[in-house]
Amino acid sequence: MEQEFNPVTASDACFSESERHGLYRAIYERRDVRSQFLPDSIPADVLARLLQAAHHAPSVGFMQPWDFMVIEGDEVRASILALFEQENQKAAECFEGERNDLYRSLKLQGIVESPLNLCITCDRSRGGPHVLGRNSIVETDLFSTCLAVQNLWLAARAEGVGVGWVSILDQAQLSDALNLPDHVYPVAYLCLGYVSEFLDQPELEAKGWRSRLPLSELVHGDSWGQPLENGPLDALLRDQSR
Ligand SMILES: Cc1cc2c(cc1C)N(C[C@H](O)[C@H](O)[C@H](O)COP(=O)(O)O)c1[nH]c(=O)[nH]c(=O)c1N2
């Protein structure tokens, strides 16, 4: 599975148009999936490719702090679902009136319907006490693990596999349910499976919870809040926001 070492030469440093198209397609068509899971299991070779993609994420000091728990058992999944129900009830209470109704109408996990759950964890002690690049910002191990999640999420989209991230879980209870040692942090609890469809926009947007923000309002100049001095970039971003 490991790729042979192939130095990239100047002529192929830029991907071909169809390769670029494929990459951007995965980025724009990736969705968080909760309701559209099919029961078909994910073949081992596909799952192996997804895990390899995750394992090729960048990591601070090449720490590779991730582990992957492939969770198929009904019993564990039922216990995680119970944890979700409990936390989701608390989360719903944060919203009032119509917002509360809307929140309660949202389906925010596919723990049991998806054929596979995957927990991507971060071993905070991997590589010993001094990891290159992690001296000052200790959370960089968690950031690295998130990048592994994103690699897997994008590769899954290219394979036609849906992924849903469930974070409405008490972290300590989740760790207990999965028997995690103290130094291992459960970064992402994911539901995976083939899907009946990939929605063409985020489900939270389609259901009126929240919309995508205009990128032009999120790009700053030299100082926070300062407009961009790069006129052509500014114009392009404004144009795309329409
Ligand atoms: C760290 C983190 C945690 C969560 C999520 C994402 C991330 C990055 N998302 C998915 C999130 O709602 C979704 O990404 C956005 O709504 C945008 O939609 P698309 O991912 O573009 O489809 C998510 N979705 C959900 O239904 N239940 C959840 O608990 C969570 N938790």
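Tutor: Domain bounds come from an automatic or database domain assignment. Here that assignment gives domain 1 (18-211) and domain 2 (212-242), and their centres, taken over C-alpha atoms, are separated by 30 Å. This is a predicted model, where local features need pLDDT of at least 70 and side-chain atom pairs count only at pLDDT 80 or more, while totals for chains, interfaces and linings use all residues. Residues are numbered from 1 along each chain as its sequence is written, and side-chain values use heavy atoms, leaving out hydrogens and water.

Student: Why is D234 called buried?
Tutor: Buried means under 20% relative accessible area, exposed means over 50%, and partly exposed is in between (1.4 Å probe, protein chains only). D234 has 19%, so it counts as buried.

Student: Which helices hold Y24 and D234?
Tutor: Helices are DSSP runs (H or I, at least four residues), numbered from the N terminus. Y24 lies in helix α1, residues 17-29, and D234 lies in helix α8, residues 231-241.

Student: How far apart are the C-alpha atoms of D234 and E17?
Tutor: They are separated by 25 Å, and the two residues are 217 apart along the chain.

Student: What does the UniProt annotation cover?
Tutor: The unreviewed UniProt entry gives "domain: Nitroreductase" for residues 27-194; such annotations may be inferred rather than shown by experiment.

Methods: Helix = DSSP H or I, 4+ residues; strand = E, 2+ residues; numbered from the N terminus.
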